[in-house]
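Please keep the sequence and the model in view while reading.

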Amino acid sequence: MTTSPHTWAAAPGGAEPEQRYRPGTGPGTGSRARPQGRPTAARPAPPWRRPARGGAIDEQTWRRAVAAIESAEEVALACHVSPDGDALGSMLALGLALRGAGRHVVASFGDRHFAVPRLLRFLPGQELLVAPAEYPAAPALMITFDVATVERLGLLEDNARNAAELLVVDHHASNVAATGFGTLRLVDPTAAATAVLAEELITRLGLPVDEHIATCLYTGLVTDTGSFRYGVTPAVHDMAGRLVATGLATDAITRALWEGNPFGYLKVLATALERATLEPLAAEAHGLVWTYVTRDDRAAVALPYEEVEGVIDVVRQAGEADVAVVLKQDDEGLWQVSARSKGAIDVGRACAALGGGGHARAAGFTSHLPPDDTLALLRPLLTRM
Ligand SMILES: [Mn+2]
């Protein structure tokens, strides 16, 4: 696989994605048989290949964002606390692209215990990371990734408030302009991942996407779509195709993300599944399945809090329930509540009502109350989309 910069950078103003492909890798070429003597260039893209462009972000906002980045002396990047693949991947992708262009970049997230989650330690670009204490106190330009509310910046919240320009790159539906933050907002709830917006930003900056940057972006895309199960559109697979074409190691990413759990995780999972409750009549009779993981469950097998992230993905497999909820007790004793919906119930709205946020089908909040009391608050809020 060639490592030379490819030509998928969209011209400012936005080329059709079809035009971004390298010759030979675009639709209608490659292994697909084509009658001889029909020039590809003259053939218009079939209508089913033409993805809806633009989303919720207007051209002027894109141009202002690009100009802000191009004129900045230093670019300070941040993502949400307890970063997931999309948050960290999107941030490091832009960081690597900017550093590749010789720019000064610093990146961080505002956790009190500042450490990259074990699952994401394979991501390239971690040399860009600094602890929150070393982050610029008042950045000239700060860019946030996958951050729906300023509180999700944790220790970096004040840095954001003091930033001269604050560019928000996000895809949370709850991140609306009326209540949102930032001086410049690249927010598009129709994007499957923040990584989609990060990719577009990189291409609009005219910067090449190499294998390392692609690894970061792919991690964001594959985690936020649940391995291409949720929110899948032609654009999602087109993007995956562009990224895989850089030669990134998809097998290694899969292994790192889903096949590297410590054995103790299986024990905690077993305990959580053993105590799972099914309530077919809850959630307007669409069904609720829920369980919890205590600090003691984890302590018994020395399992760190971050390692129980995947429990919800097993609990949600119950076909009788539209809504799955997992309450995870963190090291401070607080309950971090994850909620998922299969499409009937809006868990984003429910979690927002309890001080959290997220998407209609994936959201969360923090509770100071034990599981039964928290469920008593949540149950009546589980209403139709
Ligand atoms: Mn995301």
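An open sheet is formed by 6 strands in the order β6-β7-β8-β9-β11-β10, with mixed pairing. Strands here are DSSP runs of E with at least two residues, while helices are runs of H or I with at least four, numbered from the N terminus; two strands pair if DSSP finds at least two bridges between them. β6 (277–279) and β10 (357–358) each have a single partner strand and stand at the edges, so one side of each lacks a neighbour in the sheet. Within this sheet, β7 (residues 288–293) and β8 (residues 323–329) pair in the parallel sense over 6 bridges, and L327 in β8 is the bridge partner of Y292.

The model is a predicted one: local features need pLDDT of at least 70 and side-chain atom pairs count only at pLDDT 80 or more, whereas totals for chains, interfaces and linings use all residues. Residues are numbered from 1 along each chain as its sequence is written.

Strand β3 (residues 141–145) takes part in two pairings. It runs parallel to β1 (residues 74–79), joined by 4 bridges, and A78 stands opposite T144 of β3. With β4 (residues 165–170), β3 pairs in the parallel sense over 5 bridges; there I143 stands opposite L167 of β4. Because 5 of the 5 residues of β3 are buried, the strand is largely enclosed by the rest of the structure. A residue is buried if 20 or more other C-beta atoms, placed from the backbone, lie within 10 Å of its own, exposed if 12 or fewer, and partly exposed in between. In a regular strand the side chains alternate between the two faces of the sheet. Both faces of β3 are covered, with L141, I143 and F145 buried on one side and M142 and T144 on the other.

Among the helices, α2 (residues 85–100) and α5 (residues 211–224) pack at an angle of about 160°, with axes 8 Å apart. Axes are lines fitted to C-alpha atoms, for helices over the stretch in contact, and angles between N-to-C directions run from 0 to 180 degrees. The two helices α2 and α5 are therefore roughly antiparallel, a label for angles over 145 degrees.

Helix α9 (residues 282–285) contains A283 and A285. Most residues other than glycine have a negative phi. A283, not a glycine, has a positive phi of about 55°, and phi of A285 is near 65°. A283 counts as buried, with 25 C-beta neighbours inside 10 Å, whereas A285 is exposed, with 11 other C-beta atoms within 10 Å.

Note on methods:
Angles under 35 degrees count as roughly parallel, over 145 as roughly antiparallel, 65 to 115 as roughly perpendicular and the rest as oblique.
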